[in-house]
Amino acid sequence: MFEPTLAGSLPKPFWLAETGKLWPQWQASGTDLATAKRDATLLWLKAQEDAGLAIVTDGEQSRQHFVHGFLEQVEGIDFEHKVKMGIRNNRYDAMVPVVTGPLRLKGRVHQIEAQFARTHTKCKLKITMPGPMTIVDTIADQFYGDKVKLAMAFADLLNQEARALQADGVDVIQFDEPAFNVYMADVTAWGIDALHRAIEGLTCTTAVHICYGYGIQANLDWKKSLGDQWTQYNEIFPALAASRINQVSLECANSHVPMNLIRLLAGKDVLVGVIDVASDRIETPEEVAATIERALAFVPKERLFPCTNCGMAPMSRDIALAKLQALGLGAALARARHA
Ligand code: ZN
């Protein structure tokens, strides 16, 4: 009960990559880089276990960015001539690569880190990948000429990698879809269909993470514009509840998402964000337990998984570590009260 887990990413140590950045440069290359990625993965696996997390991740230590980590292994994309594009409905500009031909995987994407993590932990293991809609919103297209076709082409590749990850012994495969609260009509029109294609044939647990993003300025400004009650999910939760995805991860700590909205996710596991990633203040275990208890009014306890609001990649390592510990302690406190 109340098995704690992470949305996914953790900060990279200074010897692996630049710190405090969303698109950090690696600090090594070749075999040194490969070794540094493994060392960092090991370090965070241990930290998650020590904090009492039940479902651990590789902390995304082997990828530079949560979307491009996947795209780099895809044929048919031009990374040499990136173009400037407004993403998440023009919330911010990014230099994005361009689809210029039929998409195909060059090989495995997350094999090394998944197998390495599997070897070094007995906890349940989660690997995250970007969802099809979020990928389509983070890349320019000069080949498919149609958003939905492009999303389905990416979904096929995600499915290919997801099946291989399952064979590697991964217990949970999560697709990150921050685009799901930006293009609500598209979610019901084709976003969930694309996710279904990405999870086809999987027997492991599947999850979708939706969120209001990292604590970067563009996101903080955007959140201010959304009003006191973030009810965007009204439109998409019934469709997610009817979907074949097992788990939905969303932010609930210091969030304006009305907690009673999660009632609309009946039948799903809910990964309740109890740790704010947009603030450096460390939650107390009591605060974490209180957020869990607010959610408990709307989700059965066996379906409630305390989690972080979003990835912690751009945070400082010490703060991320302290937040992991708060997550583990708060979940334990709630468990003691409600077991
Ligand atoms: Zn997120």
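Author: Let's start with strand S9, which is mostly covered: 7 of its 7 residues are buried. Keep in mind that this is a predicted model.

Reader: Happy to start there! Which residues does S9 span, and how does S8 pair with S9?

Author: S9 covers residues 269-275, and S8, residues 247-251, pairs with S9 in the parallel sense over 5 bridges.

Reader: What handedness does the unit made by S9, helix H9 and S10 have?

Author: The unit is a right-handed β-α-β, and its helix H9 takes in residues 285-296.

Reader: Zooming out, what is the strand order in the open sheet of 7 strands?

Author: The order is S1-S4-S6-S7-S8-S9-S10, with parallel pairing. Strand S1 (55-57) and strand S10 (304-308) are the edge strands, each pairing on one side only. From one strand to the next, the twist averages 30°. Helix H10, residues 317-338, packs on this sheet and touches S9 and S10, and its direction makes about 125° with that of S9.

Reader: Good to know. Switching over: what is the strand order in the open sheet of 3 strands?

Author: That one goes S2-S3-S5, and the pairing is mixed. Strand S2 (74-87) and strand S5 (140-141) are at the edges with a single partner strand each, so one side of each has no neighbour in the sheet.

Reader: And do S2 and S3 run parallel or antiparallel?

Author: Antiparallel, with 9 bridges joining S2 to S3, residues 92-105.

Reader: Which helix lies across S2, S3 and S5?

Author: Helix H5, residues 147-167, running at about 70° to S3.

Reader: Let's talk packing. Which residues touch the most other members of the largest nonpolar core?

Author: The core has 101 residues, and the ones touching the most other members are Phe154, Val248, Val270, Val272, Val274 and Ile292. The largest share of this core comes from H5, which gives 9 residues.

Reader: I'd like to look at one of those. What is valine 248 in contact with, leaving aside neighbours within four places in sequence?

Author: Its contacts are Val208, Ile210, Leu240, Leu265, Lys268, Val270 and Leu271, with those sequence neighbours left out.

Reader: Why does glutamate 60 count as buried?

Author: Because it has 28 C-beta neighbours inside 10 Å, and the cut-off for buried is 20 or more.

Reader: And what is phi for asparagine 254?

Author: Phi there is near 50°, again a positive value in a residue other than glycine. Asparagine 254 lies in the loop between S8 and S9. This residue counts as partly exposed because it has 16 C-beta neighbours inside 10 Å.

Conventions:
Residues numbered from 1 in each chain as written. Predicted model: local features only at pLDDT ≥ 70, side-chain atom pairs only at ≥ 80, totals over all residues. Pairing = 2+ DSSP bridges. Helix = DSSP H or I, 4+ residues; strand = E, 2+ residues; numbered from the N terminus. Contact = placed C-beta atoms within 7 Å. Axes fitted to C-alpha atoms, helices over the stretch in contact; angles between N-to-C directions. Buried ≥ 20, exposed ≤ 12 C-beta atoms within 10 Å, placed from the backbone. Right-handed = clockwise from strand over helix to strand, strands pointing away. Core = buried A, V, L, I, M, F, W, Y, C linked by C-beta atoms within 7 Å.
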